[in-house]
Amino acid sequence: LRQNGIEVSVMTSENSALVAARMKKLNIENVYLEVKDKFALLQHLSQSRNIEMSNIAYLGDDVNDMACMAKVGWSICPNNAMEEIKGISDIILISESGSGAIREACRFINKYNKRYE
């Protein structure tokens, strides 16, 4: 995504050294750990970067992602997401979390954006 000029941010409610290390390896600078209110952070990022919520894709799988997913342009979830999340997702991926879901979502976003080149 970054190679195509798409800004990437990662937020998690956990304080995960594994997530932090993986994002560092992938050169993703916008990493937010221990986020208690994901929607408030998403709103802040949208406003501070002057990005309309309708231009944001959000990948989530749990209840604490629901508010964000309801407000963005594309809500995406892995195949093993909670049923409540699947019910509000624009796209349910074939892949599960930890088994290629992020890569599949990135491919979808890149393919979708190329329609407008």
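1. Contact range. In this predicted model, residues 24 or more positions apart account for 25% of the contacts in the protein chain with a separation of 6 or more.

2. Overall dimensions. The C-alpha trace of the protein chain spans about 40 × 30 × 25 Å along its principal axes. The radius of gyration is 14 Å, which agrees with the value near 13 Å that a compact globule of 117 residues would have.

3. Surface and burial. The protein chain has an accessible surface of about 7800 Å², and carbon and sulfur atoms hold 48% of that area. Of the 117 residues, 32% are buried.

4. Secondary structure. The protein chain contains 5 helices and 5 strands. In sequence order they give the pattern β-α-β-α-β-α-β-α-β-α.

5. Main core. The largest nonpolar core has 14 residues, and the members that touch the most others are Met-11, Leu-42 and Tyr-58. Two elements, α2 (38-48) and α3 (66-71), each give two or more residues to this core. The biggest share comes from α2, with 3 residues.

6. Surroundings of Met-11. What is Met-11 in contact with, once its neighbours within four places in sequence are left aside? The partners are Tyr-32, Val-35, Lys-38, Leu-41, Leu-42 and Tyr-58. Of these, Leu-42 and Tyr-58 are also named with Met-11 as the core members touching the most others. Lys-38 takes part in a salt bridge as well, with Asp-65; that pair is taken up in point 10.

7. Second core. A separate core of 6 residues is also present, and its members include Ile-76, Ile-91, Ala-101 and Ala-105.

8. Salt bridges in general. How many salt bridges are there? The count comes to 3. Side chains of opposite charge can pair when their charged atoms come close. The pairs are described one by one below.

9. Arg-49 and Glu-7. The closest N and O atoms of this salt bridge are 2.4 Å apart. Arg-49 lies in the loop between α2 and β3 (57-59), and Glu-7 in the segment before β1 (9-11), so the bridge ties together parts that are 42 residues apart in sequence. Both ends are partly exposed: Arg-49 has a relative accessibility of 28%, and Glu-7 has a relative accessible area of 42%.

10. Asp-65 and Lys-38. Here the side chains meet with an N to O distance of 2.9 Å. Because Asp-65 sits in the loop between β3 and α3 while Lys-38 belongs to helix α2, the pair ties together parts that are 27 residues apart in sequence.

11. Glu-83 and Lys-86. This salt bridge has an N to O distance of 3.8 Å. The two residues are 3 apart in helix α4 (residues 83-88), so about one helical turn separates them. Glu-83 is exposed, at 57% relative accessibility, whereas Lys-86 is buried, with a relative accessible area of 18%. The cut-offs behind these two labels are over 50% for exposed and under 20% for buried.

12. Points to look at in the model.

Technical notes:
Residues numbered from 1 in each chain as written. Predicted model: local features only at pLDDT ≥ 70, side-chain atom pairs only at ≥ 80, totals over all residues. Heavy atoms only, no water. Core = buried A, V, L, I, M, F, W, Y, C linked by side-chain atoms within 4.5 Å. Buried < 20%, exposed > 50% of the residue type's maximum accessible area, 1.4 Å probe, protein only. Helix = DSSP H or I, 4+ residues; strand = E, 2+ residues; numbered from the N terminus. Contact = heavy atoms within 4.5 Å. Salt bridge = Lys/Arg side-chain N within 4 Å of Asp/Glu carboxyl O. Rg over C-alpha atoms; globule rule 2.2 N^0.38 Å. Areas by Shrake-Rupley, 256 points an atom, 1.4 Å probe, with all protein chains shown as cover.
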